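Please have the sequence and the model open as you read.

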Amino acid sequence: SPSDYDEEDLVQAKGVEVDMNEEDVAIRDELKRELLLLSSVSNRGEFASLDDQNVITDLVAQLEALNPTQDPATKCEGEWDLAMSSTQF
């Protein structure tokens with residue numbers, strides 16, 4: 001084939017890692033609840049004040065740090081609902 005790569009390079013093993021640390025699970029759940037609450041009261045971030053935006057950014061950073069999934073961007077298949085946006089619609 002005229003490609004610069006082998007077809008085998010395209011196959012990615014998919015796996016799921018489960019975080020067994022119950023404390024981290026509880027913290028993540030609380031952070032998610034707070035993020036969803038802020039998204040709800042600010043119309044998905046559209047009417048978030050500067051203070052709310054800073055809190056949202058901090059919540060997301062904490063969730064990213066506690067994410068047990070390696071390379072999560074490659075494991076986000078499925079149907080998603082937009083709950084928050086930092087850009088104007």
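The model is predicted. Ser 39 sits in helix 1. A polar atom of its side chain lies 2.7 Å from the backbone oxygen of Leu 36. For the backbone oxygen of Ala 83, the distance to a polar atom of the Ser 39 side chain is 3.3 Å.

Is Ser 39 buried or exposed? Its relative accessibility is 6%, so Ser 39 counts as buried. Setting aside neighbours within four places in sequence, Ser 39 is in contact with Arg 44, Gly 45, Ala 83 and Met 84.

## Helix 1 against helix 2

Two packed helices are described by the angle between their axes and the distance between the axes. Here, helix 1 covers residues 22–41 and helix 2 covers residues 50–66. They pack at an angle of about 150 degrees, and their axes are 10 Å apart. Helix 1 is therefore roughly antiparallel to helix 2, as angles over 145 degrees count as such. The crossing of helix 1 and helix 2 is left-handed.

Which residues make the contact? Helix 1 supplies Asp 24, Ile 27, Arg 28, Leu 31, Lys 32, Glu 34, Leu 35 and Leu 38. Helix 2 supplies Asp 52, Val 55, Ile 56, Leu 59, Val 60, Gln 62, Leu 63 and Leu 66. By type, the residues of this contact are 10 nonpolar, one polar and five charged.

## Leu 31 in the contact

Leu 31 belongs to helix 1. It has a relative accessible area of 7%, so Leu 31 is buried. Leaving aside neighbours within four places in sequence, Leu 31 is in contact with Leu 59, Gln 62, Leu 63 and Leu 66. Leu 31 and Ile 56 are 25 residues apart in sequence. Their C-alpha atoms are 9.8 Å apart in space.

## The loop between the helices

Most residues other than glycine have a negative phi. Which values does phi take at Asn 43 and Arg 44? Phi of Asn 43 is near 55 degrees, a positive value. Phi of Arg 44 is near 60 degrees, also positive.

Asn 43 lies in the loop between helix 1 and helix 2, and Arg 44 is in that loop too. Asn 43 counts as partly exposed, at 38% relative accessibility. Arg 44 is partly exposed, with a relative accessible area of 43%. Arg 44 is also one of the residues in contact with Ser 39.

How values were computed
Residues numbered from 1 in each chain as written. Predicted model: local features only at pLDDT ≥ 70, side-chain atom pairs only at ≥ 80, totals over all residues. Heavy atoms only, no water. Axes fitted to C-alpha atoms, helices over the stretch in contact; angles between N-to-C directions. Helix = DSSP H or I, 4+ residues; strand = E, 2+ residues; numbered from the N terminus. Parallel < 35°, antiparallel > 145°, perpendicular 65-115°, else oblique. Left-handed = near helix turned anticlockwise from the far one by under 90°. Contact = heavy atoms within 4.5 Å. Nonpolar A, V, L, I, M, F, W, Y, C, P; charged D, E, K, R; others polar. Buried < 20%, exposed > 50% of the residue type's maximum accessible area, 1.4 Å probe, protein only. Polar contact = N/O pair within 3.5 Å; in protein donor to acceptor, adjacent residues only side chain to side chain.
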